[in-house]
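Student: Could we go through this one together, starting with the loops and then moving on to the helices?

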Amino acid sequence: MRRISFLQGMLVGFVLIVALLGGVAVHGWLLLERLVGQSRDNSAHALELTAAVQTLEERSVDLERAARQYLVLGDPLLRERFREHLEESFLQLERIEELAGPGLVGVPDQWRSVAAGVNRKLQRGGERTEDDIATMLDELGSMNNAIAQASKRWIDTENARLLDELDRHRLQLGSKLVLALLGAVGAALVMGWWLLRPVRQLDRAIRRLGARRFDDPVVVGGPADMRRLGRRLDWLRLHLSELESDRQQTLRHVSHELKTPLTALKEGVALLDEEVPGPLSAGQREIVGILTHNVRGLQGRIESLLGLNAAAFDARQLNVAPVEPAALLAEAAQRHELAASARQQQIVCQADAGVARLDADKMALILDNLLANAIDFSPQGGRIELSALRQRRAWRFECIDQGCGVASEDAERIFEPFVQGRLRAPVERRGSGVGLSIVRELAGAMGGSVSLLSGSGQGAHFRVEIPDEH
(Lines give C-alpha, C1' and ligand atoms only; values in the text may rest on other atoms or scores of the structure.)
Protein backbone atom coordinates (compact mmCIF):
# COMPACT_ATOMS: atom_id res chain seq x y z
CA MET A 1 0.00 0.00 0.00
CA ARG A 2 1.51 3.28 -1.09
CA ARG A 3 1.33 6.04 1.53
CA ILE A 4 1.50 9.75 0.87
CA SER A 5 4.32 11.79 2.31
CA PHE A 6 4.27 14.60 4.85
CA LEU A 7 4.52 17.31 2.17
CA GLN A 8 1.81 15.69 0.07
CA GLY A 9 -0.48 15.48 3.10
CA MET A 10 0.15 19.15 3.88
CA LEU A 11 -0.55 20.07 0.25
CA VAL A 12 -3.80 18.06 0.16
CA GLY A 13 -4.97 19.62 3.43
CA PHE A 14 -4.21 23.17 2.31
CA VAL A 15 -5.80 22.60 -1.09
CA LEU A 16 -8.94 21.25 0.58
CA ILE A 17 -9.16 24.23 2.94
CA VAL A 18 -8.55 26.70 0.10
CA ALA A 19 -11.13 24.90 -2.07
CA LEU A 20 -13.79 25.10 0.65
CA LEU A 21 -13.23 28.73 1.56
CA GLY A 22 -12.42 29.77 -2.01
CA GLY A 23 -15.55 28.07 -3.34
CA VAL A 24 -17.74 29.98 -0.90
CA ALA A 25 -15.94 33.22 -1.76
CA VAL A 26 -16.36 32.68 -5.53
CA HIS A 27 -20.02 31.72 -5.05
CA GLY A 28 -20.61 34.86 -3.00
CA TRP A 29 -18.86 36.99 -5.60
CA LEU A 30 -20.95 35.54 -8.46
CA LEU A 31 -24.13 35.96 -6.42
CA LEU A 32 -23.24 39.56 -5.66
CA GLU A 33 -22.54 40.23 -9.34
CA ARG A 34 -25.95 38.76 -10.29
CA LEU A 35 -27.82 40.74 -7.67
CA VAL A 36 -26.02 43.93 -8.63
CA GLY A 37 -26.95 43.27 -12.27
CA GLN A 38 -30.59 42.69 -11.33
CA SER A 39 -30.62 45.85 -9.26
CA ARG A 40 -29.12 47.79 -12.15
CA ASP A 41 -31.71 46.36 -14.57
CA ASN A 42 -34.56 47.12 -12.17
CA SER A 43 -33.36 50.68 -11.79
CA ALA A 44 -33.14 51.09 -15.56
CA HIS A 45 -36.63 49.60 -16.03
CA ALA A 46 -38.02 51.81 -13.29
CA LEU A 47 -36.55 54.90 -14.97
CA GLU A 48 -37.90 53.87 -18.37
CA LEU A 49 -41.32 53.10 -16.92
CA THR A 50 -41.45 56.38 -15.05
CA ALA A 51 -40.39 58.24 -18.18
CA ALA A 52 -43.05 56.41 -20.26
CA VAL A 53 -45.79 57.19 -17.71
CA GLN A 54 -44.71 60.83 -17.60
CA THR A 55 -44.68 61.01 -21.42
CA LEU A 56 -48.16 59.42 -21.53
CA GLU A 57 -49.44 62.05 -19.12
CA GLU A 58 -47.93 64.79 -21.28
CA ARG A 59 -49.50 63.32 -24.42
CA SER A 60 -52.83 63.08 -22.60
CA VAL A 61 -52.63 66.79 -21.85
CA ASP A 62 -51.83 67.43 -25.53
CA LEU A 63 -54.79 65.27 -26.57
CA GLU A 64 -57.16 67.19 -24.32
CA ARG A 65 -55.85 70.51 -25.54
CA ALA A 66 -56.10 69.55 -29.23
CA ALA A 67 -59.61 68.09 -28.75
CA ARG A 68 -60.96 71.15 -26.94
CA GLN A 69 -59.40 73.53 -29.52
CA TYR A 70 -60.90 71.50 -32.36
CA LEU A 71 -64.33 71.63 -30.73
CA VAL A 72 -64.08 75.41 -30.57
CA LEU A 73 -62.31 76.22 -33.87
CA GLY A 74 -63.13 73.20 -36.01
CA ASP A 75 -59.72 73.40 -37.70
CA PRO A 76 -58.78 70.07 -39.42
CA LEU A 77 -55.13 70.65 -38.49
CA LEU A 78 -56.10 70.44 -34.84
CA ARG A 79 -57.80 67.09 -35.44
CA GLU A 80 -54.66 65.87 -37.29
CA ARG A 81 -52.55 66.97 -34.34
CA PHE A 82 -54.93 65.07 -32.05
CA ARG A 83 -54.40 61.95 -34.15
CA GLU A 84 -50.60 62.33 -34.02
CA HIS A 85 -50.68 62.72 -30.22
CA LEU A 86 -52.94 59.68 -30.03
CA GLU A 87 -50.45 57.53 -31.98
CA GLU A 88 -47.62 58.64 -29.71
CA SER A 89 -49.78 57.79 -26.69
CA PHE A 90 -50.43 54.30 -28.05
CA LEU A 91 -46.67 53.80 -28.45
CA GLN A 92 -46.09 54.86 -24.83
CA LEU A 93 -48.84 52.51 -23.71
CA GLU A 94 -47.13 49.63 -25.48
CA ARG A 95 -43.86 50.53 -23.80
CA ILE A 96 -45.60 50.70 -20.40
CA GLU A 97 -47.23 47.30 -20.99
CA GLU A 98 -43.88 45.85 -22.02
CA LEU A 99 -42.21 47.14 -18.86
CA ALA A 100 -44.96 46.76 -16.25
CA GLY A 101 -46.56 43.59 -17.62
CA PRO A 102 -49.68 42.21 -15.94
CA GLY A 103 -49.51 44.69 -13.10
CA LEU A 104 -51.63 47.19 -15.11
CA VAL A 105 -54.72 44.90 -14.99
CA GLY A 106 -56.27 45.90 -18.35
CA VAL A 107 -56.06 49.67 -17.79
CA PRO A 108 -54.14 50.29 -21.07
CA ASP A 109 -56.90 48.58 -23.07
CA GLN A 110 -59.52 50.77 -21.41
CA TRP A 111 -57.38 53.81 -22.13
CA ARG A 112 -57.17 52.87 -25.81
CA SER A 113 -60.92 52.28 -25.98
CA VAL A 114 -61.78 55.67 -24.46
CA ALA A 115 -59.18 57.48 -26.60
CA ALA A 116 -60.51 55.76 -29.73
CA GLY A 117 -64.03 56.87 -28.72
CA VAL A 118 -62.88 60.47 -28.44
CA ASN A 119 -61.27 60.20 -31.87
CA ARG A 120 -64.49 58.85 -33.36
CA LYS A 121 -66.60 61.62 -31.89
CA LEU A 122 -64.19 64.15 -33.25
CA GLN A 123 -64.41 62.59 -36.73
CA ARG A 124 -68.25 62.59 -36.66
CA GLY A 125 -68.94 66.23 -36.69
CA GLY A 126 -72.71 66.04 -36.31
CA GLU A 127 -72.65 63.50 -33.51
CA ARG A 128 -70.03 65.01 -31.38
CA THR A 129 -71.05 66.68 -28.18
CA GLU A 130 -68.73 68.68 -26.05
CA ASP A 131 -69.97 67.16 -22.82
CA ASP A 132 -69.32 63.56 -23.91
CA ILE A 133 -65.81 64.39 -25.07
CA ALA A 134 -65.07 66.24 -21.83
CA THR A 135 -66.34 63.28 -19.84
CA MET A 136 -64.17 60.88 -21.85
CA LEU A 137 -61.13 63.14 -21.46
CA ASP A 138 -61.65 63.13 -17.68
CA GLU A 139 -61.76 59.33 -17.82
CA LEU A 140 -58.40 59.39 -19.64
CA GLY A 141 -56.96 61.48 -16.79
CA SER A 142 -58.27 59.03 -14.20
CA MET A 143 -56.81 56.11 -16.14
CA ASN A 144 -53.46 57.96 -16.35
CA ASN A 145 -53.45 58.13 -12.56
CA ALA A 146 -54.33 54.43 -12.38
CA ILE A 147 -51.47 53.59 -14.78
CA ALA A 148 -49.08 55.71 -12.71
CA GLN A 149 -50.17 53.99 -9.48
CA ALA A 150 -49.88 50.53 -11.10
CA SER A 151 -46.42 51.43 -12.39
CA LYS A 152 -45.37 52.58 -8.93
CA ARG A 153 -46.70 49.33 -7.42
CA TRP A 154 -44.75 47.34 -10.00
CA ILE A 155 -41.55 49.23 -9.13
CA ASP A 156 -42.14 48.66 -5.39
CA THR A 157 -42.91 44.99 -6.01
CA GLU A 158 -39.72 44.50 -7.99
CA ASN A 159 -37.67 46.27 -5.34
CA ALA A 160 -39.24 44.14 -2.60
CA ARG A 161 -38.64 40.99 -4.64
CA LEU A 162 -35.00 41.94 -5.12
CA LEU A 163 -34.60 42.62 -1.39
CA ASP A 164 -36.26 39.29 -0.53
CA GLU A 165 -33.98 37.49 -2.94
CA LEU A 166 -30.97 39.30 -1.49
CA ASP A 167 -32.00 38.31 2.05
CA ARG A 168 -32.62 34.71 1.00
CA HIS A 169 -29.24 34.44 -0.72
CA ARG A 170 -27.61 36.14 2.27
CA LEU A 171 -28.92 33.41 4.56
CA GLN A 172 -27.85 30.73 2.08
CA LEU A 173 -24.40 32.29 1.76
CA GLY A 174 -24.09 32.50 5.56
CA SER A 175 -25.02 28.83 5.96
CA LYS A 176 -22.60 27.82 3.21
CA LEU A 177 -19.87 29.91 4.83
CA VAL A 178 -20.50 28.24 8.20
CA LEU A 179 -20.39 24.80 6.57
CA ALA A 180 -17.19 25.74 4.72
CA LEU A 181 -15.57 26.97 7.94
CA LEU A 182 -16.62 23.80 9.76
CA GLY A 183 -15.24 21.74 6.90
CA ALA A 184 -11.98 23.73 6.91
CA VAL A 185 -11.65 23.35 10.69
CA GLY A 186 -12.42 19.64 10.40
CA ALA A 187 -9.84 19.23 7.65
CA ALA A 188 -7.28 21.15 9.73
CA LEU A 189 -8.00 18.98 12.79
CA VAL A 190 -7.76 15.75 10.80
CA MET A 191 -4.55 16.92 9.14
CA GLY A 192 -3.17 18.03 12.51
CA TRP A 193 -4.01 14.70 14.12
CA TRP A 194 -2.55 12.82 11.17
CA LEU A 195 0.66 14.83 11.32
CA LEU A 196 1.03 15.40 15.07
CA ARG A 197 0.61 11.75 16.01
CA PRO A 198 3.88 10.66 14.34
CA VAL A 199 5.60 13.82 15.61
CA ARG A 200 4.68 12.85 19.17
CA GLN A 201 5.89 9.32 18.52
CA LEU A 202 9.18 10.75 17.28
CA ASP A 203 9.42 12.97 20.36
CA ARG A 204 8.87 10.02 22.69
CA ALA A 205 11.40 7.94 20.77
CA ILE A 206 14.03 10.68 20.96
CA ARG A 207 13.37 11.09 24.68
CA ARG A 208 13.89 7.35 25.19
CA LEU A 209 17.13 7.50 23.22
CA GLY A 210 18.27 10.48 25.28
CA ALA A 211 17.51 8.52 28.45
CA ARG A 212 19.46 5.54 27.07
CA ARG A 213 16.42 3.29 26.99
CA PHE A 214 17.49 1.27 24.00
CA ASP A 215 15.24 -1.74 24.61
CA ASP A 216 12.01 -0.25 23.23
CA PRO A 217 11.84 -0.30 19.40
CA VAL A 218 10.97 2.92 17.57
CA VAL A 219 7.62 2.61 15.78
CA VAL A 220 6.29 5.68 13.94
CA GLY A 221 3.10 5.79 11.88
CA GLY A 222 1.61 8.44 9.64
CA PRO A 223 3.08 9.69 6.35
CA ALA A 224 5.65 7.75 4.41
CA ASP A 225 8.54 10.10 5.18
CA MET A 226 7.69 10.02 8.89
CA ARG A 227 7.73 6.23 8.82
CA ARG A 228 11.08 6.34 7.04
CA LEU A 229 12.39 8.70 9.72
CA GLY A 230 11.13 6.29 12.38
CA ARG A 231 13.05 3.45 10.73
CA ARG A 232 16.18 5.65 10.73
CA LEU A 233 15.71 6.33 14.44
CA ASP A 234 15.28 2.63 15.11
CA TRP A 235 18.52 1.99 13.25
CA LEU A 236 20.15 4.69 15.38
CA ARG A 237 18.72 3.03 18.51
CA LEU A 238 20.33 -0.26 17.60
CA HIS A 239 23.61 1.45 16.80
CA LEU A 240 23.59 3.39 20.09
CA SER A 241 22.69 0.21 21.96
CA GLU A 242 25.72 -1.51 20.46
CA LEU A 243 27.95 1.46 21.30
CA GLU A 244 26.66 1.57 24.89
CA SER A 245 27.20 -2.16 25.26
CA ASP A 246 30.73 -1.82 23.88
CA ARG A 247 31.43 1.11 26.20
CA GLN A 248 30.23 -0.76 29.27
CA GLN A 249 32.18 -3.82 28.25
CA THR A 250 35.29 -1.72 27.64
CA LEU A 251 34.96 -0.08 31.06
CA ARG A 252 34.56 -3.46 32.71
CA HIS A 253 37.61 -4.76 30.90
CA VAL A 254 39.60 -1.65 31.76
CA SER A 255 38.52 -1.86 35.38
CA HIS A 256 39.41 -5.53 35.55
CA GLU A 257 42.68 -5.22 33.65
CA LEU A 258 43.81 -2.27 35.75
CA LYS A 259 42.53 -3.27 39.14
CA THR A 260 43.94 -6.81 39.04
CA PRO A 261 47.61 -5.85 38.54
CA LEU A 262 47.08 -2.78 40.73
CA THR A 263 45.87 -5.00 43.58
CA ALA A 264 48.87 -7.28 43.12
CA LEU A 265 51.18 -4.26 43.08
CA LYS A 266 49.51 -2.87 46.19
CA GLU A 267 49.91 -6.17 48.05
CA GLY A 268 53.54 -6.42 46.97
CA VAL A 269 54.29 -2.92 48.19
CA ALA A 270 52.51 -3.72 51.46
CA LEU A 271 54.71 -6.81 51.90
CA LEU A 272 57.81 -4.72 51.28
CA ASP A 273 56.58 -2.09 53.71
CA GLU A 274 56.07 -4.77 56.36
CA GLU A 275 59.65 -6.02 55.64
CA VAL A 276 58.47 -9.56 54.91
CA PRO A 277 61.42 -10.24 52.52
CA GLY A 278 63.79 -8.77 55.03
CA PRO A 279 64.85 -5.54 56.72
CA LEU A 280 64.86 -2.36 54.54
CA SER A 281 67.45 0.30 54.50
CA ALA A 282 66.51 3.96 54.83
CA GLY A 283 66.72 4.49 51.06
CA GLN A 284 64.67 1.40 50.33
CA ARG A 285 62.01 2.48 52.82
CA GLU A 286 61.80 5.87 51.14
CA ILE A 287 61.27 4.16 47.77
CA VAL A 288 58.60 1.90 49.27
CA GLY A 289 56.84 5.02 50.65
CA ILE A 290 56.88 6.61 47.20
CA LEU A 291 55.46 3.43 45.67
CA THR A 292 52.74 3.26 48.30
CA HIS A 293 51.74 6.86 47.68
CA ASN A 294 51.64 6.42 43.90
CA VAL A 295 49.70 3.15 44.08
CA ARG A 296 47.07 4.77 46.27
CA GLY A 297 46.89 7.75 43.90
CA LEU A 298 46.49 5.48 40.88
CA GLN A 299 43.76 3.51 42.63
CA GLY A 300 41.95 6.72 43.47
CA ARG A 301 42.16 7.91 39.89
CA ILE A 302 40.75 4.68 38.51
CA GLU A 303 37.86 4.78 40.99
CA SER A 304 37.24 8.45 40.18
CA LEU A 305 37.18 7.71 36.45
CA LEU A 306 34.62 4.96 36.98
CA GLY A 307 32.63 7.26 39.28
CA LEU A 308 32.64 10.04 36.67
CA ASN A 309 31.40 7.64 34.04
CA ALA A 310 28.63 6.42 36.35
CA ALA A 311 27.65 10.02 37.16
CA ALA A 312 27.47 10.90 33.45
CA PHE A 313 25.21 7.91 32.90
CA ASP A 314 22.94 8.68 35.87
CA ALA A 315 22.68 12.34 34.90
CA ARG A 316 20.42 11.43 31.99
CA GLN A 317 17.85 9.80 34.27
CA LEU A 318 15.96 12.28 36.42
CA ASN A 319 13.65 11.42 39.30
CA VAL A 320 12.13 14.78 40.25
CA ALA A 321 10.09 14.88 43.44
CA PRO A 322 9.29 17.37 46.24
CA VAL A 323 12.05 17.54 48.86
CA GLU A 324 13.05 19.92 51.66
CA PRO A 325 16.46 21.54 51.02
CA ALA A 326 17.04 21.86 54.79
CA ALA A 327 16.84 18.09 55.12
CA LEU A 328 19.28 17.63 52.22
CA LEU A 329 21.85 19.90 53.89
CA ALA A 330 21.46 18.21 57.29
CA GLU A 331 21.86 14.73 55.81
CA ALA A 332 24.95 15.80 53.81
CA ALA A 333 26.55 17.33 56.91
CA GLN A 334 25.84 14.17 58.87
CA ARG A 335 27.46 11.96 56.23
CA HIS A 336 30.68 14.04 56.40
CA GLU A 337 30.66 14.59 60.14
CA LEU A 338 33.44 12.07 60.86
CA ALA A 339 35.74 13.41 58.15
CA ALA A 340 35.24 16.98 59.38
CA SER A 341 35.73 15.99 63.02
CA ALA A 342 39.03 14.30 62.16
CA ARG A 343 40.31 17.68 60.96
CA GLN A 344 38.51 19.61 63.74
CA GLN A 345 36.36 21.40 61.15
CA GLN A 346 32.86 22.75 61.70
CA ILE A 347 30.03 22.40 59.13
CA VAL A 348 27.34 25.07 59.50
CA CYS A 349 24.03 24.57 57.60
CA GLN A 350 21.50 27.29 56.86
CA ALA A 351 18.42 26.77 54.67
CA ASP A 352 15.27 28.72 53.85
CA ALA A 353 11.95 27.09 54.61
CA GLY A 354 10.12 25.55 51.70
CA VAL A 355 9.93 22.59 49.36
CA ALA A 356 11.88 22.20 46.12
CA ARG A 357 11.14 19.95 43.17
CA LEU A 358 14.40 18.29 42.16
CA ASP A 359 16.23 14.97 42.03
CA ALA A 360 17.15 14.35 45.68
CA ASP A 361 19.77 11.67 44.91
CA LYS A 362 21.63 13.87 42.42
CA MET A 363 21.42 16.89 44.73
CA ALA A 364 22.80 14.78 47.58
CA LEU A 365 25.71 13.69 45.37
CA ILE A 366 26.39 17.35 44.47
CA LEU A 367 26.48 18.34 48.13
CA ASP A 368 28.72 15.36 48.97
CA ASN A 369 31.30 16.37 46.35
CA LEU A 370 31.24 20.02 47.40
CA LEU A 371 31.67 19.09 51.06
CA ALA A 372 34.43 16.59 50.30
CA ASN A 373 36.27 19.23 48.30
CA ALA A 374 35.82 21.81 51.08
CA ILE A 375 37.00 19.38 53.78
CA ASP A 376 40.08 18.36 51.78
CA PHE A 377 41.26 21.94 51.18
CA SER A 378 40.18 23.61 54.42
CA PRO A 379 42.73 24.07 57.21
CA GLN A 380 42.60 22.41 60.61
CA GLY A 381 39.80 23.91 62.72
CA GLY A 382 38.28 25.65 59.73
CA ARG A 383 34.62 26.56 59.16
CA ILE A 384 32.54 25.31 56.23
CA GLU A 385 29.24 27.03 55.43
CA LEU A 386 26.54 25.15 53.56
CA SER A 387 23.38 27.08 52.64
CA ALA A 388 20.20 26.75 50.55
CA LEU A 389 18.47 29.99 49.57
CA ARG A 390 15.09 30.25 47.88
CA GLN A 391 15.08 32.43 44.78
CA ARG A 392 12.39 33.25 42.27
CA ARG A 393 11.67 29.95 40.47
CA ALA A 394 15.03 28.53 41.61
CA TRP A 395 17.01 27.30 44.62
CA ARG A 396 20.56 28.44 45.27
CA PHE A 397 22.93 26.09 47.08
CA GLU A 398 26.25 27.52 48.28
CA CYS A 399 29.37 25.99 49.83
CA ILE A 400 31.98 28.32 51.36
CA ASP A 401 35.23 27.15 52.90
CA GLN A 402 38.30 28.81 54.44
CA GLY A 403 40.86 26.90 52.42
CA CYS A 404 43.66 28.02 50.20
CA GLY A 405 41.32 28.94 47.33
CA VAL A 406 41.79 28.53 43.60
CA ALA A 407 44.28 30.44 41.48
CA SER A 408 42.67 32.97 39.10
CA GLU A 409 44.19 31.25 36.04
CA ASP A 410 42.49 27.97 37.06
CA ALA A 411 39.03 29.43 37.85
CA GLU A 412 37.58 28.83 34.36
CA ARG A 413 38.71 25.19 34.08
CA ILE A 414 38.36 24.04 37.68
CA PHE A 415 35.18 22.08 36.75
CA GLU A 416 36.95 20.00 34.10
CA PRO A 417 37.79 16.36 34.95
CA PHE A 418 41.11 15.72 36.80
CA VAL A 419 41.92 19.46 37.03
CA GLN A 420 43.20 20.28 40.51
CA GLY A 421 44.76 23.64 39.84
CA ARG A 422 47.80 25.20 41.39
CA LEU A 423 47.57 25.49 45.18
CA ARG A 424 48.00 28.95 46.63
CA ALA A 425 49.50 27.66 49.91
CA PRO A 426 51.69 24.75 50.98
CA VAL A 427 48.78 22.39 51.60
CA GLU A 428 48.83 18.67 51.01
CA ARG A 429 47.08 17.98 47.69
CA ARG A 430 44.09 15.68 48.06
CA GLY A 431 41.41 14.34 45.74
CA SER A 432 41.53 13.58 42.04
CA GLY A 433 39.88 16.66 40.55
CA VAL A 434 36.80 14.69 39.50
CA GLY A 435 34.35 15.81 42.19
CA LEU A 436 33.71 19.29 40.74
CA SER A 437 33.24 17.88 37.24
CA ILE A 438 30.59 15.53 38.67
CA VAL A 439 28.92 18.55 40.29
CA ARG A 440 28.77 20.34 36.93
CA GLU A 441 27.46 17.21 35.16
CA LEU A 442 24.65 16.62 37.66
CA ALA A 443 23.67 20.29 37.92
CA GLY A 444 23.42 20.54 34.14
CA ALA A 445 21.27 17.40 34.05
CA MET A 446 18.73 19.14 36.32
CA GLY A 447 18.77 22.26 34.16
CA GLY A 448 20.95 24.22 36.58
CA SER A 449 24.46 25.62 36.69
CA VAL A 450 27.50 25.75 38.97
CA SER A 451 29.90 28.63 39.34
CA LEU A 452 32.95 29.68 41.36
CA LEU A 453 32.27 33.11 42.87
CA SER A 454 35.59 33.62 44.66
CA GLY A 455 38.62 31.42 44.33
CA SER A 456 41.42 33.44 45.80
CA GLY A 457 42.18 34.83 49.23
CA GLN A 458 40.23 33.28 52.04
CA GLY A 459 38.75 30.08 50.67
CA ALA A 460 36.52 29.12 47.76
CA HIS A 461 32.84 29.97 47.24
CA PHE A 462 30.86 27.59 45.02
CA ARG A 463 27.27 28.26 43.97
CA VAL A 464 24.82 25.80 42.42
CA GLU A 465 21.48 27.09 41.04
CA ILE A 466 18.71 24.57 40.33
CA PRO A 467 15.46 25.74 38.66
CA ASP A 468 12.27 25.04 40.55
CA GLU A 469 8.74 25.46 39.11
CA HIS A 470 7.05 24.35 42.36
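**Loops, helices and a surface patch**

Tutor: In this predicted model, R393 counts as exposed, because its relative accessibility of 58% is over the 50% cut-off.

Student: Where does R393 lie?

Tutor: R393 lies in the loop that runs between β4 (383-391) and β5 (394-400), and its phi is positive, near 60 degrees, although the residue is not a glycine.

Student: And what about the phi of Q344?

Tutor: Q344 is not a glycine either, and its phi is positive at about 55 degrees; the residue sits in the loop between α8 (337-342) and β2 (346-351), where it is exposed, with a relative accessible area of 60%.

Student: Switching to helices, is K362 buried or exposed?

Tutor: K362, which belongs to helix α9 (residues 360-377), is buried, because its relative accessible area of 8% is under the 20% cut-off.

Student: Which side chain does the side chain of K362 make a polar contact with?

Tutor: The partner is the side chain of D359, at 3.1 Å.

Student: Which residues are buried in α10?

Tutor: In helix α10 (residues 435-445), the buried residues include L436, S437, I438, V439, L442 and A443, and the helix is followed by G447, whose phi is positive, near 80 degrees.

Student: Last topic: which residues form a nonpolar patch on the surface?

Tutor: That patch is formed by L21, L177 and L181, which together have about 230 Å² of accessible area. Of these, L21 is placed in helix α1 (residues 6-73) and is partly exposed, with a relative accessible area of 33%.

Methods:
Residues numbered from 1 in each chain as written. Predicted model: local features only at pLDDT ≥ 70, side-chain atom pairs only at ≥ 80, totals over all residues. Heavy atoms only, no water. Patch = residues over 30% accessible without salt bridge, like charges linked within 9 Å, V, L, I, M, F, W, Y side chains within 5 Å. Areas by Shrake-Rupley, 256 points an atom, 1.4 Å probe, with all protein chains shown as cover. Salt bridge = Lys/Arg side-chain N within 4 Å of Asp/Glu carboxyl O. Helix = DSSP H or I, 4+ residues; strand = E, 2+ residues; numbered from the N terminus. Buried < 20%, exposed > 50% of the residue type's maximum accessible area, 1.4 Å probe, protein only. Polar contact = N/O pair within 3.5 Å; in protein donor to acceptor, adjacent residues only side chain to side chain.
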